[in-house]
Amino acid sequence: MIQLDLRGNKSIYEQIIDKFKELIMRGTMKQGDKMPSVRELSRTLGVNPNTMQRALAELEARGLLETQRTAGRTVTGDVEKIAQTRRALAQTLVHHFYHQAAALGLTKAEIAALLEQEEA
């Protein structure tokens, strides 16, 4: 399910948030899907339960998870929130790509041509 890089530059907490965000954005985790318990997730991923709780609380604060008293945590049913998050992630990717390509000396026209070529 999720692979964490214990030697990476990002903290475990940030990696957990990023991985679950990715699963939700890709549709691997669908709206209304029930999240496993903090204890189960922390055991599966080999992380401290406090770290897992903190990451899930952050995902909830960002509107990607919801907590219901009787059902526990689930993936949000808010289609617009998921679409908004997907657009923000895509904008970040485009921003990084554009600036890296421009740093290589490519013009806007050359960058656009690369994108068009990639579509084909």
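Predicted model: local features only at pLDDT ≥ 70, side-chain atom pairs only at ≥ 80, totals over all residues.
Helix α1 spans residues 12-26 and helix α4 spans residues 79-103, and the two pack at an angle of about 115°, with their axes 10 Å apart. Because angles of 65 to 115 degrees count as roughly perpendicular, that value makes α1 roughly perpendicular to α4. On the α1 side the contact is made by Lys21, Ile24 and Met25, while α4 contributes Ile82, Thr85, Arg86 and Leu89. Sorted by class, the residues of this contact between α1 and α4 divide into four nonpolar, one polar and two charged.

A second pair of packed helices is formed by α2, residues 38-45, and α3, residues 49-61, which also meet at an angle of about 115°, here with their axes 9 Å apart. From α2, the residues Val38, Leu41, Ser42 and Leu45 meet Pro49, Met52, Gln53 and Leu56 of α3. The contact of α2 with α3 comprises six nonpolar and two polar residues and has no charged ones, while the contact of α1 with α4 includes two charged residues.

A ring does, however, take part in an arrangement with a charged side chain: Arg54 lies over the face of Tyr13, at 3.7 Å from the ring centre.

Methods
Residues numbered from 1 in each chain as written. Heavy atoms only, no water. Axes fitted to C-alpha atoms, helices over the stretch in contact; angles between N-to-C directions. Helix = DSSP H or I, 4+ residues; strand = E, 2+ residues; numbered from the N terminus. Parallel < 35°, antiparallel > 145°, perpendicular 65-115°, else oblique. Contact = heavy atoms within 4.5 Å. Nonpolar A, V, L, I, M, F, W, Y, C, P; charged D, E, K, R; others polar. Lys NZ or Arg CZ within 6 Å of the ring centre and 35° of its normal.
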